Amino acid sequence: AEAVVAEVAEVQAEVKAEAGRPLGLDGPRDGRKDDLTHIIGVLPVIETALNKLGIFHFDQVGALTDEQIGWIEGHLGVPGRIARELWREQARELSAVLRPRRVAEK
């Protein structure tokens, strides 16, 4: 019985750790990712980490919820950084500017 209780506790801890994790994409849309380093505060190493989570586009960053931001900050070890540096707001602006350009390129 103790083994079962321990296993259940372990599964619950794993589920809790994943709560808030954003659902990323399997790859960039149309095979082209956005250059997330255009967001002030996103260094190349952070962009790589975001890509590994399936975040490739400005609109994905702009749509992050507070819970998802908390998870990402915990995962990256940068508490408070996303809100402080206004990543969502910057990403929304970049998406609005670059979206029409991408459509015209097709």
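This is a predicted model: local features need pLDDT of at least 70, side-chain atom pairs count only at pLDDT 80 or more; totals for chains, interfaces and linings use all residues.
Residues are numbered from 1 along each chain as its sequence is written. Local features require pLDDT of at least 70 and side-chain atom pairs pLDDT 80 or more, whereas totals for chains, interfaces and linings use all residues; side-chain values rest on heavy atoms, with hydrogens and water left out.

The chain contains six helices and zero strands, in the order α-α-α-α-α-α along the sequence. Helices (H or I, at least four residues) and strands (E, at least two) are DSSP runs, numbered from the N terminus. Of the 106 residues in the chain, 33% are buried, where buried denotes under 20% relative accessible area, exposed over 50%, and partly exposed the range in between (1.4 Å probe, protein chains only). The accessible surface of the chain amounts to about 6,900 Å², and carbon and sulfur atoms account for 58% of this area; such areas come from the Shrake-Rupley method with a 1.4 Å probe, and for residues only the protein chains shown count as cover. Among contacts (heavy atoms within 4.5 Å) between residues at least 6 apart in sequence, 62% join residues at least 24 apart.

The largest nonpolar core has 16 residues, of which Leu36, Ile39, Leu50, Val61, Ile72 and Trp87 touch the most other members. H2, H3, helix H4 (66-76) and helix H6 (87-105) each contribute at least two residues to this core, and H4 gives the most, with three. A nonpolar core is defined as a set of buried Ala, Val, Leu, Ile, Met, Phe, Trp, Tyr and Cys residues joined through side-chain atoms within 4.5 Å. Beyond four places in sequence, Leu50 touches Leu36, Val42, Ile55, Ile72 and Trp87. Leu50 is also one of the buried residues of H2, together with Ile46, Glu47, Ala49 and Asn51. Just after H2, Gly54 adopts a positive phi of about 90°.

Phe58 is placed in helix H3 (residues 58-62) and counts as buried because its relative accessibility is 2%. Its C-alpha atom is separated by 5.4 Å from that of Ser95, 37 residues away along the chain. Apart from neighbours within four places in sequence, the contacts of Phe58 include Leu36, Ile39, Ala91, Leu94, Ser95 and Leu98.

Four salt bridges were found in a search of the whole structure, a salt bridge being a side-chain nitrogen of Lys or Arg within 4 Å of a carboxyl oxygen of Asp or Glu. One of them pairs Arg29 with Asp59, with the closest N and O atoms 2.9 Å apart. This pair links distant parts of the chain, 30 residues apart: Arg29 in the loop between helix H1 (2-18) and H2, and Asp59 in helix H3. Arg29 is partly exposed at 37% relative accessible area, as is Asp59 at 29%.

Lys33 forms a salt bridge with Glu47, the closest N and O atoms being 2.9 Å apart. Lys33 lies in the loop between H1 and H2 and Glu47 in helix H2, so the bridge ties together parts 14 residues apart in sequence. Lys33 is partly exposed, at 37%, whereas Glu47 is buried, at 10%.

A further salt bridge joins Arg88 and Asp66, again with closest N and O atoms 2.9 Å apart. Because Arg88 lies in helix H6 and Asp66 in helix H4, this pair ties together parts 22 residues apart in sequence. Arg88 is buried at 17% relative accessibility, while Asp66 is exposed at 59%.
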